[in-house]
Structure formats: structure tokens, C-alpha cells
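Please open the model in your viewer and keep the selection panel at hand. The tour goes from one selection to the next and says what is there.

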Amino acid sequence: MDRRLATIVAMDVVGYSRLMRVDEEGTMAVLISLRELIDAQILEFGGRMFGSAGDSVLAEFASPVEAVRCALEIQKKTATFNSERLEDQKMLLRVGVNLGDIIENDGALYGDGINVAARLETVCEPNGVCVSDAVHNLVQNRMNEFFSDIGEQTFKNIDEPLRVWMWTALRPTSDAKQGKAIFLPSVAVLPFKNISSDTEQDYFADGIVEEIITALSGFPGMIVIARNSSFSFKGQSIDVRRIGQELNARYILEGSVRKSGERLRIMAQLADAETGVQLWANRFDGVLEDVFDLQDAISEAVVGAIAPEIQNAEIVREMRKAPKNLDSYDCYLRGLNDVHRGELGNADNWFGKAIEAAPDYARAMARKAWIGTAWRNYGKDAVGDYRQECLKLAKVAVALQPDNPEVAAYAGYTIGFLSASPSAGLAHVNRATRLCPCFAWAWASSALLNVYLGDADVSLEHAETARRLSPKDPMAFRTYSATGLANIIKEDARALLASSEIGISLSPELPGFRYHRAIALIALGRILEAAEERAVLLELKPEFTISEFIRSSREDIGMSDLLLGPVEDGLRKVGFPE
């Protein structure tokens, strides 16, 4: 028997048994092609394959560096391999790499070194490489690749917990099960430069970045590179394309801090790490004595601004693709694009395709369900079976991912709206605001549900929060709808007139803002203008009557009489048909 120290690479195919059940012959053909790729890379990096059964591979390397380089290259080439195949022919790999003692006996290898490598592979994300702490210590300064620390892991039949590091070529979200990965954009927030003469302002600049990283980490739909990794570039000249490659980040946020007397100026800009093109930039000014309030305000403003910019950039990136062989995330982004354009029917179809591609895709479920509430703005109430389907989809989504802020907000609003019980949805929506305090859409949804319940003060506060977080939100009309209803409850005619006119400027086709404005005008004694506004609404919606509007608002949405009482009184004063 020969005992020696060796680096072991263990890998297998995600969901292989399921693929075999679906198409045994086709799966075998794809696996044979993939194995040719894997075998060639093992040979090229000086490794020796000593075990393979079905979809699994075990290889031995003398050098940890070469073993890890081989593993990374296999994953990168597998990504290309999959891009050339239909969705149901793609194979995702998980890889584990460990350095440890092995024993060779008659050509067969044994030992804990092999067992640990196999265990590492089981905790790895699809498209990823997990390495033990011993391997990471040897390779971290010898290659330009980023491994995230996923902490100590406990494995079956391994006495002590092991610290594990992971690299992923494309970081998948846990929304998709059964081996279908959904890839999210990643952003790195670099240390802000202190360009003032006061070196003590370094703490302030670092504090801003930490606040931004924390806030972005809770924002749905993106991956944020850990602080320890992004801060490794502190004090270095910035080439966003190189840093993007090293940190595996698609977007880079950088900035600077300048102090002059008691005043501070913060500059921030967001760039596409692939092209180096600047996507967004802004300047923030404040007074040093309010340093911590200023820090919070800047963090909030930056996150509220760049999160929509990243989503818009992802949509633009997606729309350049040929509409074939789209994965679930591609379909999801196309659905978002159609929502922003008001094409709800198309959006509904794209979200449906995203769910077909990934049956447990909770974000797509929540968005598709929400469309059932959005139709009301266009005079098409969700009724009957369709209403129940949307409600069921929302409940499934929030059961799958209750702590995803996007799912909680969209599914929660849908549950509150379509079950005619705003309070039932408000618990989910409020959880979304706690999980992600910078999520403007969640605050807007909370404003609407609260005003349906008759709580005007909370509604006004939350609507204002949503507008502050996302001042250029394409769906800002929702906040003005909530504000208008709250102003009706509070009998503030001037504020109601102002919010209704902004709402009309944003969405002139929506009838709600027309009756808001008419009620405000009649309260201000501008009778002829109120009559003109009444005529506009009846042209948009000829079937409008007070009795049917109040009935549907109470029975279909669950609006409180605290809201419907003053609304009904205002509609009658304007002279709408009974």
C-alpha cells in the first residue's frame, strides 16, 4: 500500500436521475459528449481519473493549483457546452476539491481525502466549485478568481465541521429547483475614495459603502459581492472590467468623498463591468454634523437609484438576444419589459413560460399572479376561475419563498386584493419592507393596502417613502393612487387635487385619478371643472355608476367603509350616475 498527500477533484451532474427518467438515450448521448470535455481537461492539467460511475467523476492531482484550475476550466467550458444545447439537454456540474491523505492499493484509491472531496461537491451550487480551507489557503494568491466563504459545514461521517469556499461561474438563485438554474446579475460596491485632505474621513467613506452593501444584499433580483472581497481593492487604481472579472461581478459601483470645512460631497457612479460604460451617476451634499443621518440618506438614495438601473440594464441586455432557447430568467426579464410597457397580456405569457422552464420559480409566479390585480386599472376585473388561479398562484409563490422581498410584496398585494381582505396581504407586504427597507414597490403596495383599510396616515407615509426611494419609478402612479384615496379620507381637497393631477400626468388612461380630481374640484367650489372631469371619466368608462363602483370596491377588494363612505359622498356631490 502507498500512502501520500494528493488533491482530489470530485464532480457529478445535477439532477442526473431526473434527466435519465425523462430521456434515457438522449441524456446518455449528452453525458458522453460532456465526459469527453471533462476527460480532456483532466489530462491537460496533469490529473489522473481514477473513478467514474454514471454521472460522477473522481480525479487525482499532484498540485492543488492545477486541480483548481482544471475544475474552473471544466465549469467554464461546460457553460459554453450548455449554451449550444436545448434547455432539456443542458447538464450542470457541481465540483468539490480537497487536499488530504489517500491510500493506493492495487491501483484503487481510498481515504478521507476522497470522502471529503465528495462531500464538498454535495454542498456546491450548480456551475460551482467548492474547495476545502486547506486548498483555498494554497491557491487564493495564485489565481485571479474569487471564492466566497460559505462558512463551516457539517458532513455525514466527518467528525469535525469544515470551512468551505465556493466559486461560481454564474450565480444561480434558489428560486429554481430540479437543476434549472436562474442566473442573477451581480454587483460589487468598491471602497469610496476619500479625496479630501482629512484622512479621518476614511471611516465615513467606508461606512457608506458598508451601508450600501447591506441594503443591496436584501434587494431582490441581484447578487452582492461580499464586503471583504470588494474592499480588497481599496487604494488601487480602478479598471472596472478587470475588477468585474476578478470578482465575478457584472456591475461595479464606485464613488468618492470630499470634505470642505463642515460640508461633505459624495459622488457615486454605476458602471457595466463588461463594457466599462457608465450607467448612472449622482452627487450628494450634506453637513458634517449630521454625518450619520447623511450616511443613511446617501445609502438609501444610492440603493433606490441603482437597483432599478441594474434591472433596466438587464432587460436591455436580454432584449438583444435572439428569442430562441430562452431560459426561465430570460423569459422573466421579457415579462418585466412588457409590464413596463403596459402590455400585460404579453407579460402574462412570458411569466408563464418562465414558470414552465422552472416550475418552482416563485418570483415569476408572484408577478404573474399580480397581473390579475393590474387588469383592474384597465377596466378588466379578474373574476371567476381566473381570479382564483391568480390567488392560488400567489399563495404558492409566498409558500415557496416567504422571505424573498419581491415574492412577499407582489404575492402579498395580490392576496390582499383578490381575496377581498387587505389585511391578509398586508402581513406579507410588511415583511417585504422589513426584509428590504429600500424596496419602493413594497412600500407602495403597503400604502395601497393600508388606505383600503382606511388608515390614511400610514398610507400617506408609506407612499411618500416609496416615492423617495424610487423617484423615477415607472409605476409611481400606484403611490399617487394611494395618496389620493388617503386625501379623500382626510378631506384635504387641495392635496387631493395636486395628487390627482400628478396621477393623470403619469397615467391619463386610468379612470381613478379622474374621479379623485372631480371630488377635489367640487369640494373647492369649481363646479364646471368638476363636471368636465366627470364627463372625461364617463367617456373612459361609460358603464360607471356609484352603486356598482362602491359594491365592487367593497366586495371584490375589501375596501373599508372608512374609505368608501367619503368616496361615495364625493361621487354623489359631483353628480355621477347612481
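Which residues of helix α4 (residues 112–122) are buried? Select that helix in this predicted model, and pick out Gly 113, Ile 114, Val 116, Ala 117, Leu 120 and Glu 121, which are its buried residues. If you then look down the axis of α4, these buried residues fall within an arc of 165°, so they line one face of the helix. The background to this view is that an α-helix has 3.6 residues a turn, so residues three or four places apart point the same way.

The next selection is the largest nonpolar core, which has 83 residues; the ones with the most contacts inside it are Trp 370, Tyr 413, Tyr 452, Tyr 515, Leu 571 and Phe 576. Helix α14 gives the most to this core, namely nine residues. Apart from this core lies another, of 36 residues, for which Ala 59, Leu 72, Met 143 and Trp 167 can be selected as being among its members. As general background, in soluble globular proteins nonpolar side chains tend to be buried together.

Return to Leu 571 and display its surroundings: leaving aside residues up to four places away in sequence, Leu 571 touches Tyr 515, Ile 519, Phe 544, Ile 546, Phe 549 and Phe 576.

Most residues other than glycine have a negative phi. Select Ala 420, in the loop between α14 (405–418) and α15 (422–435), where phi is positive, at about 55°, although the residue is not a glycine. Ala 420 is partly exposed, with a relative accessible area of 26%.

Then move to Glu 491, which sits in the loop between α18 (477–490) and α19 (493–506). Is Glu 491 buried or exposed? With 70% relative accessibility, Glu 491 counts as exposed, the cut-off for that class being over 50%. Glu 491 likewise has a positive phi of about 55° although it is not a glycine.

Notes
Residues numbered from 1 in each chain as written. Predicted model: local features only at pLDDT ≥ 70, side-chain atom pairs only at ≥ 80, totals over all residues. Heavy atoms only, no water. Buried < 20%, exposed > 50% of the residue type's maximum accessible area, 1.4 Å probe, protein only. Helix = DSSP H or I, 4+ residues; strand = E, 2+ residues; numbered from the N terminus. Arc of directions from axis to C-beta. Core = buried A, V, L, I, M, F, W, Y, C linked by side-chain atoms within 4.5 Å. Contact = heavy atoms within 4.5 Å.
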